[in-house]
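Student: I have a model open and would like to learn how to read its features one by one. Could you walk me through them?

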Amino acid sequence: MNYKAAPYSKFHKMLFLCAVLGQIACGFALGIAGTAVTEGKADLGLSTFWVGLLGAGTLIGLAGSLVVGNLADKIGRSKLVLLDMAFFTVFSIAQFFTSSVAVIMALRILIGLCIAIDYTVGSTIVSEWFDPETAPSYLSKFIIYWTFGYVLSFFVGLVMSNLHTDYHIIFASSAIPGAIAAIARITLGIAESPSWMASVGRVEEANKLVAEKLGPEYKVVAEEKKEEEKVSVTELFSPKYRRNTLVGGMFYACQVFPYFGVGIFLPILIGQLNMGDANTSSIIYDVFCMAGAFAGTWLCARMSRRSFLTSTFFGAAIALVIMIIGQNISIVITVIAFAAFALIMSIAVVMEWPYPPELFDDRVRGTGVGIVVAFSRIGAALGTFLLPILMDSIGGTGTLIVCAAVLVLGGVVCQLFAPETSASYLKKVAEKEAAAN
């Protein structure tokens with residue numbers, strides 16, 4: 001029997017635990033940046049340019065997913081996933097010992113590179129160990145744990161700000177969830193992907209691993225391929241993969257541009273929009289983000305991929321337009337639209353985990369997901385870097401218009417070009433075709 005048909009077991013549970021602990025650490029590290037930069041702005045003498053750049057530093061590092069994805073296709077998944085949280089922890093602690101803006105920036109980029117491994121290789125190894133029909137469900141749950149880390153960073157940051165904690169400590173606090181994830185992975189171990197091993201000719205070794213982890217009745221069922229086949233970045237832009245690569249990159253980039261731009265510098269935006277107490281509005285945002293993570297996980301298993309993507313893009317854009325109009329009518333309308341935006345965007349980002357691995361086959365999946373995540377980090381870094389600058393130059397209303405335009409662009413691209421990849425949908429199509437024949 002194909003090992004991917006094996007029932008959910010203790011092994012799957014431990015692998016999933018190791019993966020989601022990393023997601024918590026990633027969400028925390030990205031979220032805490034806004035508080036740390038805000039608290040350290042005066043001591044570091046930061047201009048608006050540097051506020052945006054430091055806030056985007058981790059996201060810039062995440063563009064390294066292009067490199068780590070290709071590396072994972074060459075050397076395997078397990079080594080990278082096993083070590084990245086250890087390096088993440090070391091880089092987080094190192095922030096405590098420096099007051100140099102350049103060094104902090106470099107460390108933020110390195111932390112982003114570690115997160116890139118988790119985003120790219122972590123989701124890939126889970127998708128390759130789990131049953132293709134249930135893997136999307138587990139991958140969609142990543143957002144719950146990621147959002148938990150992201151929201152937790154806000155509350156930790158709020159407490160630290162009220163206690164006037166030194167910005168060095170705030171930056172370094174991401175070492176705590178990082179260390180927990182690193183210890184879990186080193187203790188429990190990360191098994192290599194059998195399908196990747198088979199794709200590089202290590203079939204016998206892969207079958208031994210499968211027998212050890214899942215039982216002797218399971219084996220790797222690998223597609224035949226020419227021995228000289230190699231994975232390259234340019235192959236992902238060949239006619240076979242080009243559409244999937246570009247759609248994956250565009251949907252991801254257009255989602256995270258407003259998500260991180262608004263989320264990381266939330267207090268600045270709330271102040272510009274005159275939405276009352278910044279802490280109260282931020283709590284509303286985070287509560288609805290957490291609710292959206294659960295709602296998105298539920299919807300992900302019940303909607304087609306294209307419908308999910310287009311409805312969340314256009315829904316979030318409409319919420320921003322209502323926020324813009326509501327400023328001149330009632331603060332109640334503005335806050336409701338603001339909560340709706342947080343809810344819809346949090347639902348939307350659920351698709352960032354199951355969809356990219358589905359766009360590519362086993363042989364190129366690591367590289368393909370890496371390229372898609374690299375595209376997304378350009379969007380995320382631009383959103384985070386530009387938001388403080390846009391707020392200064394065109395104000396809160398203008399900034400929301402830019403974010404709404406990006407969301408509409410993402411919705412149009414997905415409506416026109418996004419391939420349908422959900423296992424349940426494809427199974428129904430195959431059954432209809434078989435019945436017709």
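Student: What should the 29 residues of H5 span at 1.5 Å a residue?

Tutor: The expected span of a helix is 1.5 Å times one less than its number of residues. For H5 that gives 42 Å, and the end C-alpha atoms are 42 Å apart, so the two agree. Helices here are DSSP runs of H or I with at least four residues, strands are runs of E with at least two, and both are numbered from the N terminus. Before we go on, this is a predicted model, where local features need pLDDT of at least 70 and side-chain atom pairs count only at pLDDT 80 or more, while totals for chains, interfaces and linings use all residues. Residues are numbered from 1 along each chain as its sequence is written, and side-chain values use heavy atoms, with hydrogens and water left out.

Student: Where is the kink in H5 centred?

Tutor: A bend at a residue is the angle between axes fitted to the seven residues ending there and the seven starting there. In H5 the kink is about 25 degrees and is centred on Val-121.

Student: How many residues of H5 are buried?

Tutor: Buried means under 20% relative accessible area, exposed means over 50%, and partly exposed is in between, using a 1.4 Å probe and protein chains only. H5 is mostly covered, with 23 of its 29 residues buried.

Student: Which residues is Asp-118 in contact with, leaving aside its neighbours within four places in sequence?

Tutor: Contact means heavy atoms within 4.5 Å. With those neighbours left aside, Asp-118 is in contact with Ala-19, Gly-22, Gln-23, Cys-26, Asp-84, Met-85, Ser-123 and Arg-185.

Student: How does H1 read in the same terms?

Tutor: The 35 residues of H1 should span 51 Å, and the end C-alpha atoms are 48 Å apart, which agrees. H1 has a kink of about 30 degrees, centred on Thr-38. It is mostly covered too, as 26 of its 35 residues are buried. After H1 comes Gly-45, with a positive phi near 65 degrees.

Student: How many aromatic pairs does a search of the whole structure find?

Tutor: A pair of aromatic rings is described by the distance of the centres and the angle of the planes. Rings of Phe, Tyr and Trp (its six-membered ring) pair if their centres lie within 6.5 Å; planes under 30 degrees apart count as stacked, over 60 as edge-to-face and the rest as tilted. The search finds 18 such pairs. One of them joins Tyr-8 and Phe-130, tilted at 6.1 Å centre to centre and 55 degrees between the planes. Tyr-8 is in the segment before helix H1 (10-44) and Phe-130 in the loop between H5 (101-129) and H6 (135-140), 122 residues apart, so this pair links distant parts of the chain.

Student: Is Tyr-8 buried or partly exposed?

Tutor: Tyr-8 counts as partly exposed, because its relative accessibility is 39%. Phe-130, at 2%, counts as buried. Tyr-8 also forms a stacked pair with Tyr-138, 5.0 Å centre to centre with 15 degrees between the planes. Tyr-138 lies in helix H6, so that pair ties together parts 130 residues apart in sequence. Tyr-138 is buried at 18% relative accessibility.

Student: Which residues form one aromatic cluster?

Tutor: The cluster is formed by Tyr-8, Phe-16, Phe-130, Tyr-138, Phe-142 and Tyr-145. Tyr-138 has a charge to show as well: a charge sits over a ring if NZ of Lys or CZ of Arg is within 6 Å of the ring centre and within 35 degrees of the ring normal. Here the charged end of Lys-141 sits over the ring of Tyr-138, 5.3 Å from its centre.

Student: What does the side chain of Thr-89 reach?

Tutor: Thr-89 lies in helix H4 (residues 78-94) and is buried at 11% relative accessible area. Its side chain reaches the backbone nitrogen of Ala-179 at 3.1 Å.

Student: How many helices and strands does the chain have?

Tutor: There are 19 helices and zero strands. Of the 437 residues of the chain, 59% count as buried.

Definitions and conventions
A polar contact is a pair of N or O atoms within 3.5 Å; within protein, one must be able to donate a hydrogen and the other to accept it, and residues adjacent in sequence count only if both atoms are side-chain atoms.
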